[in-house]
Amino acid sequence: MKGLHVMTESTTTTAPARISEGSGSTPLLEVRNLVKHFPVRSTGVVRRVVGQVQAVDDISFTVQRGSSLGLVGESGCGKSTTGRLVTRLLDPTSGEVRFEGNDIASLRPKQMLPFRREIQIIFQDPYSSLNPRHTVGSIIGTPLQVHNIVPKNKVLSRVQELLEVVGLNPEHYNRYPGEFSGGQRQRIGIARALAVRPKLIVADEPVSALDVSIQAQVMNLLESLQKEFGISFLFIAHDLAVVRHFCPEVAVMYLGKIVEVADRESLYTQPHHPYTQALLSAVPDVRQAQVGGRRERIRLFGDVPSPIDPPSGCRFRTRCWKAQDICATQEPPLQALANGHRVACHFAAPPTIEDARASQAAAAEAVTLESEGAVADA
Amino acid sequence: MSMNETTNSQQPFLAVEDLTVRFPTPDGVVNAVTELSYNVELGRTLGIVGESGSGKSVSSMAIMGLHDRRRAKISGSIRLQGTDLVDVDDDRMRRIRGNVVSMIFQDPLSSLHPFYTIGDQISEAYLAHNKASKAQARKRAIELLERVGIPQAGRRVDDYPHQFSGGMRQRAMIAMALVNDPQLLIADEPTTALDVTVQAQILDLLQDLQREFGSAIIIITHDLGVVAEMADDVLVMYAGRCVEYGKGKEILTRPEHPYTWGLLSSAPHLTGDPGQPLTPIKGSPPSLVNLPSGCSFHPRCPYASRLPDDRCVELLPELRPGGRGAGHLVRCHLPNPDEIFVDEIQPRIG
Amino acid sequence: MFGYVIRRVAAGLSVVLVVMVISFFLFFIGPAKPEYAICGDRNCTPSRLADIRASLSLDKPVSEQFTEYFSGIFTGREIHSGGFVKECDVPCLGWSFIRNEPVTKLIVERLPVTISVALGAMVIFTTLGVTIGALAAIHRGSIWDRALVSSSLILTSFPYYLVALLAAIYLTIQFEVFPRSGYHPLTDNPWEWFKGLLLPWAVLGAVYATAYARYTRAAMVEALSEDFVRTARAKGLSPRRVHFRHALRAGLTSVVTILGLDLAGLLAGTIFTERIFEVQGLGLLALNAFDNGDLPVIMGSVMYASFLLVGLNIVIDIVYSFLDPRVRLG
Amino acid sequence: MADPTLLETGASEPPASPTASAGSPLRSKSPTQIALERLRKDKVAIICAIIVLAFILIAIFANVITAITHTDPGQSNQQLIDDYGFPTVNPSAEHPFGIEPRLGRDLFARWVHGARPSLIVAISASVISTALGTAMGLLAGFLGGRVDRAISWLIDLLLSLPLILVVIAIAPVVQTWFNTNNETVSMVRLWTLVVIFAFFGWTGLGRLIRAEVLSLREREFIQAARAIGVPTRQILFRELLPNLTGQIIIFLSLAIPSYITAEAGLSYLGVGLTEPTPSWGLTINAALNYYETYPIYFWQPALGILVLVLALNLLGDSIRDAFDPKTRR
């Protein structure tokens, strides 16, 4: 790994002063009560604000140094918005985003600049994440120039080092993104994020646009980078298996809320929230082939409700087979179980085979109920 | 059904034989599908697996006669209950499409016409193959929407696609495909655009429907998990060719082709040791215009070098019977794949 | 839907209002000295000049002129000139001193002529263009398609007025293929009306039809590659139904959008048409007013045209929202 | 690195497209270079470009050309005109295109000089309106909110005014600001046209750029630039603008012929340029009275416009194809 050594050496000599580091005990990233609402405007003459899309609603989590937190959930649950808030591509409505103890939630662009060296982002779409009009050298060189990381005449050699680090031919710096395959493009995006030597990388669905075989290449690259440079990850994905592979700690989001956080082992073997249970049991698994056919699974009925007008109390209650009256009136807090496993449910419990049956019965009942409602209306 | 041929009991319901589809382009001929053969019986499900550009969608579009007729050069045969769909004239093909064979697609939003109501679009499919009044067609549409689990179908029938959620749109697409009780349903990545809980709903629905109507299903996907749960038979495609074909249970637990091994060991799982590194297939899929010589997979195959001569580089392996029961076929030169499998692959895929 | 229409109308009204204000300031308080223009170079005596100034209220303060003019639009007003009092009825857009008639009356008289020219041509070029374009897209790559694409590229490059001039010169005057009958009101004699407008329609229609054939072809080619067209084919629908009910319907929306953008150009086209074929419409009125320095008429025409365009664009937007339920219900 | 296959993979991975492997392996062409290369291979484009260039050279060296041929656009030759105003001589070496009825001015000289105002008006108006449209579109798309609504409203306003009527309305007003010397009036008219064309012509490009910026702004490479901390100005000019060059060049190439058409048309109507400036539109207007007896009088300016506009349009179409191969026939 010649490239890596060269890189570490040169950064220590040329890197300008960085932000003062917090004490070792503060977590690298601490998010507290983060809220993001998008206003919904009417279509009348006066464009009044008629509602709020509650994309992210009061979530808190921490990312430890050198570790990875996985953020999973289905589309529209607010996981990507959270990633954009942490990188300040979006401005939070309220709440704190503490990076090494400094709250960056409401910094102005100028003040934010030093933190941009510490927090980087990798995107999902390898085709839209690289400017087609710039050469690879210019794409990876931009962060070096913006932050004056290396003198102008050294930019090219650093770009080549970075290309080598992500496993690309360093001689290809003069090419345009159009000539690279999806996996190679994703590597270029990773090299761009690495250029500033960040402490935290927000990886927003970094492999979901790639074919299975390429996915594994990129996952392995990310893993080795984490080991090599001690980078922490906020790893956002919808694929539960990918998150399990990459993250020692995982948070599950539903409709703008974190419903369950736990370490990998605990979350995947003992999920306590009904939604997590449903999510896990929905994932099709190759190993099922040995048994043959589909297993008894938890069935969810209906769709995710609108984030403009989320259900009262627990947001999952409209699709939950365990729901009782209390779920509609009281929002369940994120409560700690043993060993740091936290869950937001009034009836948190490990899954049983009865859950699958109960959920299937509830699903069947829901369909008949709604259909009868339609008959009554007609 | 409009099929008049007498159905021979020995004849498979659908028999694809040596299907080859090529597209001449200014940059060269795209070898989308090469000498593909498989059978599907009523009541059974075939899963076609492959990465993007492996030709899995093109082959099914050819069954539907939906490939670009002007551009594509097609050869081989597609026998549906004895009728060769490659030769059949446009008008006859049109009467088979959506009637005997129907199809659902990956992205239900773009696959539904944005300007017509869901009910209109389903009725239209019914009216295209049945002599019926508009009211009857509408009744049929509501009936099917109910069957696929759309709540308040009587009211939602007049909604436009953009008023449906992603999962409901795919249900509507399924209702549209089933409106004429087809015997063969082709599902091209039916759940790729959907969330995992919705995917489970749709897969459940497809299985329930198959049990109910006894139709044959071809499911095309890149997701091995979906195939494992849905398919009786599995066909693995690479660079337009079949590389492995057989019972799903066998192929997904004890495959013999290095590409299938690669697919299995590069995907992370929900169980087992999470710290175990993934083993990707190196490189990326070849261009269909310039296929590698010999076995198309040889540049990416870690075992090609283990064979003494340059067989993999020079010689295209035949599709030969494998060791996983009747009908198992594999396209590989490796003389004893099980040795490699037991030592190197099985520990990885658990 | 309702809110959408209201907002569209409100935005349109604001545009018309601003056009009115700008043109008012341009003519009446700018350094334009309309009284000299109206007075003309010959026999312009100081007393006549003063008379005109008074009749245009130019001797009053700007704010008063402004309110007078604008209240005139809604309530009508009296205009004093040379000792006479002239009634200018609602909506009063001023008085033409050259023709000695209210501007509104002049415009209203000419309006049916221009509408006949423009609307007739529009009917021709939209139906012709859409049909040809759709057929070309369906038979993409055929000889007819390629002929259409290359010929329309050349035809649309020709300036419209040159085509019209050549047609006027060679088709009516030199070879007398078309009748030279001029404009007759539809209510007088529909046949004469039709005969007189035939050539202007044909020329305006033909030039625009080639352009619209191109637009339609492009929109239709794109629509034919859409997933929902594939679905329509997968359902086993007849090719006719796939092409027209599914692909064309989707492609039409972009053609309607272009039509909205083209309206101003079409109005310009009618000005050339009226001049070349000597049809006494609004365009010719404005052109004559330009030659005579008849500022109130120019100003009235500008306002009227912008009012018309804004209104037509609102109509087009509403038509569009009916074509596309996502706009209607969204 | 943990996985030894990693490095091997990347470095030896073949390029995504088969065509890319041809040529130099280390340096590839930018999208603009690829477009220009396509253009260079397009025969129609080359021929059209030569024609356009010829017209531009004629306009630039109009004085030289008339000096060589000893013709003068302003000089009246009454001795060659009969009592009815018709020329008594046919086109000859002395007067290659013949002479004008009534005033007897040399038509060739007027034709050569007529190329000038056409190209001056068209090129300056196109350049200004392209710049204006790009700026407005960028502002509206990138800043959004009030600025966007204001600019969109302005576009609505400008689109609801027919250009000809605006010229009819504004030209006489502007004219009165200056003295009434014929030459000055003619120059004022010319620049009035440029200003009106530019001010009313940018809307189409403005809308296009705005829509493009709105979609590009959500593209992840812009987000990536923001995450890196690239300043807004640099995002606009280094990240966004290069992605719009195709659109801008296409607009520019199609705006020039449309302004040439418009200038000549307005001059023909009598609301554009005025005498004594030689203008093809004015010549057409004058020639209409003689089209039966003296067709060359009408045809030479008409052909000038036709050939130039056709060449420009075909060139513009080739440029569009070169920059966006998807629209290929």
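How many helices and strands does the secondary structure of chain D come to?

**Figure 1. The secondary structure of chain D in the predicted model.** Chain D comes to 14 helices and zero strands, where helices (H or I, at least four residues) and strands (E, at least two) are DSSP runs numbered from the N terminus. Read along the sequence, the pattern of chain D is α-α-α-α-α-α-α-α-α-α-α-α-α-α. Of the 329 residues in chain D, 53% are buried; buried means under 20% relative accessible area, exposed means over 50%, and partly exposed lies in between, with a 1.4 Å probe and protein chains only. Among the contacts in chain D with a separation of 6 or more, 71% are made by residues 24 or more positions apart, a contact being heavy atoms within 4.5 Å. This is a predicted model, in which local features need pLDDT of at least 70 and side-chain atom pairs count only at pLDDT 80 or more, while totals for chains, interfaces and linings use all residues. Residues are numbered from 1 along each chain as its sequence is written, chains are lettered from A and ligands numbered from 1 in the order in which they are written, and side-chain values use heavy atoms, with hydrogens and water left out.

**Figure 2. The contact between domain 1 and domain 2 of chain C.** The domain assignment of chain C, which is automatic or taken from a database, gives domain 1 (2–100) and domain 2 (104–323). To their contact, domain 1 of chain C brings 25 residues and domain 2 of chain C brings 25 residues. The area buried between the two domains is about 2100 Å², with 74% of that area given by carbon and sulfur atoms; buried area is the accessible area (1.4 Å probe) that two parts lose on being put together, summed over both. Between domain 1 and domain 2 of chain C there is one salt bridge, defined as a side-chain nitrogen of Lys or Arg within 4 Å of a carboxyl oxygen of Asp or Glu. The side chains of C:Asp317 and C:Arg8 meet in a salt bridge at 2.2 Å, N to O. On the side of domain 1 of chain C that touches domain 2 of chain C, helix H1 (2–29), helix H2 (34–39) and strand E3 (95–96) of chain C each supply at least two residues. H1(C) gives the most to this side, with 13 residues. The residues of this side of domain 1 of chain C divide into 20 nonpolar, three polar and two charged, where Ala, Val, Leu, Ile, Met, Phe, Trp, Tyr, Cys and Pro count as nonpolar, Asp, Glu, Lys and Arg as charged, and the others, Gly among them, as polar.

**Figure 3. The interface of chain A and chain B.** In this view, 45 residues of chain A are in contact with 52 residues of chain B, and the area buried between the two chains is about 4400 Å², of which carbon and sulfur atoms give 53%. Four salt bridges are found across the interface of chain A and chain B, and in one salt bridge the side chains of B:Asp204 and A:Arg297 meet at 3.9 Å, N to O. The elements that give two or more residues to the side of chain A that touches chain B include helix H7 (212–229) and helix H13 (353–377) of chain A. From H7(A) comes the largest share of this side, seven residues. The residues on the side of chain A that touches chain B divide into 20 nonpolar, 11 polar and 14 charged.

**Figure 4. Salt bridges within chain B.** Side chains of opposite charge can pair when their charged atoms come close. In chain B, the side chains of B:Glu143 and B:Arg140 meet in a salt bridge at 3.1 Å, N to O. These two residues are separated by about one helical turn, because B:Glu143 and B:Arg140 are three residues apart in helix H5 (residues 134–147) of chain B. B:Glu143 is partly exposed, with a relative accessible area of 43%, whereas B:Arg140 counts as buried at 15% relative accessibility. The side chains of B:Asp159 and B:Arg156 meet in a further salt bridge at 2.5 Å, N to O, and B:Asp159 counts as buried at 15% relative accessibility.

**Figure 5. A salt bridge between chain C and chain D.** The side chains of C:Arg214 and D:Asp317 meet in a salt bridge at 3.7 Å, N to O. This pair crosses between chains, from C:Arg214 in helix H8 (residues 190–224) of chain C to D:Asp317 in helix H14 (residues 295–323) of chain D. C:Arg214 counts as partly exposed at 26% relative accessibility, and D:Asp317 counts as buried at 7%.
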